[in-house]
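I would ask you to keep the sequence and the model in view while I speak.

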Amino acid sequence: MAYLPCDLCGGTDARFLMMCERLDGPLVQCRRCGLVYVGARREDFAFSRFDPERSRRLAERVRALALVDEEVEAREAPIRERVMQERLQWVQRFVTSGRLLEIGCADGAFLALAARAGFHAHGVEPDPTTSARARQRTEIHVFPGTLAEAQYPAASFDVVVLFHVLEHLDSPRRALQEIHRVLRPGGILVLETPNIASVWFRLFGRRWRQFIPDHYYFFSPATLTRLLEENGFRVLALTHPRRIVSLRLLADRLRRWHAPLGRFFMRGLTRLGWEERTLTLRLSDVLLAAARRV
Ligand SMILES: [Zn+2]
């Protein structure tokens with residue numbers, strides 16, 4: 001079977017790794033550069049522009065796989081706020097002011113924090129419902145669409161950030177080229193994406209938490225570095241982010257992996273009243289990179 005060409009090196013010789021019902025097609029690996037990606041797309045939920053019909057099918061698919069518990073997600077809001085704070089602190093290690101663009105800014109929570117910290121905060125968000133919510137925040141500027149559609153002039157920004165967006169895109173390489181264009185020379189790119197070269201993927205295989213229907217690319221430190229370098233960036237730091245998690249969220253993710261065990265754990269937490277307790281973890285299955293536009 002012929003798979004899609006490799007987005008990183010253009011190679012057309014990929015080897016089959018596995019089928020996984022949570023992914024949109026076979027997981028393959030480029031023999032030339034090692035990039036792991038979904039080699040054929042049944043539905044194609046990859047993000048190129050907003051399509052309501054596709055969003056509806058994706059939501060249906062996620063429901064069918066029982067990947068999201070709405071109640072758990074809603075109660076996680078205060079913890080997500082702390083996650084945003086940590087992200088901002090990381091950005092501030094490299095740049096502390098100027099024009100900041102977040103790609104896939106959702107409801108603008110991170111941008112609002114960035115604005116309060118003194119950045120001129122801009123975002124693009126193609127989903128019309130979430131971008132409408134983001135646009136109600138007066139301290140930030142949100143374009144309701146994709147980065148390509150926004151047509152920012154060259155060298156518009158001092159810093160561009162993407163948190164868990166790269167793996168959803170139709171072509172990460174094309175996105176990096178556009179980011180390079182809109183960043184000023186010397187500007188900073190910060191991004192976070194799953195790490196396939198982690199013990200968690202080896203341990204969990206097709207049940208790895210990062211396998212969901214709209215994830216198409218799974219980078220490693222090596223392939224992410226190559227993507228950045230070949231598109232005009234110099235890597236300044238590549239690490240695993242620290243993440244605050246509630247015991248409730250841990251139980252929910254455990255449920256994804258093993259439903260009876262997860263439910264058992266959740267009942268125990270409820271009995272003890274420990275759902276809100278938090279841990280700080282540094283899971284190696286997420287990569288956090290900072291790079292400078294050269
Ligand atoms: Zn390749």
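Let me begin with a definition: two residues count as being in contact if their C-beta atoms, placed from the backbone, lie within 7 Å. Please bear in mind also that this is a predicted model. With that understood, consider helix α7, residues 172–182, which lies across β4, β7 (157–163), β8 (183–194) and β13 (286–293). Relative to β8, helix α7 runs at about 145 degrees.

I turn now to the sheet. In what order do the strands of the open sheet come? There are seven of them, in the order β6-β5-β4-β7-β8-β13-β10, and their pairing is mixed. At the edges stand β6 and β10, the latter being residues 233–239; each has a single partner strand, so one side of each is left without a neighbour in the sheet. On average, neighbouring strands here are turned by 20 degrees against each other, direction ignored.

Next, strand β5, which covers residues 119–124. Is this strand mostly covered or mostly uncovered? It is mostly covered, with five of its six residues buried.

On one side, β5 pairs with strand β4, residues 98–103, in the parallel sense and over six bridges. Helix α4 itself lies across β4 and β5, and runs at about 165 degrees to β5.

The other pairing of β5 that I wish to show is with strand β6, residues 141–143. These two strands run parallel and are joined by three bridges. G123 has V142 as its bridge partner in β6. Here too there is a right-handed β-α-β unit, made by β5, helix α5 (residues 128–135) and β6.

Finally, I should like to move to helix α11, residues 259–272. How many of its 14 residues are buried? The count is one, and the helix is thus described as hardly covered. Its length can be checked: at 1.5 Å a residue, 14 residues should span 20 Å, and the end C-alpha atoms are 20 Å apart, which agrees. After α11 comes G273, whose phi is positive, near 70 degrees.

Thank you for your attention.

How values were computed
Residues numbered from 1 in each chain as written. Predicted model: local features only at pLDDT ≥ 70, side-chain atom pairs only at ≥ 80, totals over all residues. Buried ≥ 20, exposed ≤ 12 C-beta atoms within 10 Å, placed from the backbone. Helix = DSSP H or I, 4+ residues; strand = E, 2+ residues; numbered from the N terminus. Pairing = 2+ DSSP bridges. Right-handed = clockwise from strand over helix to strand, strands pointing away. Axes fitted to C-alpha atoms, helices over the stretch in contact; angles between N-to-C directions. Expected span 1.5 Å × (residues − 1).
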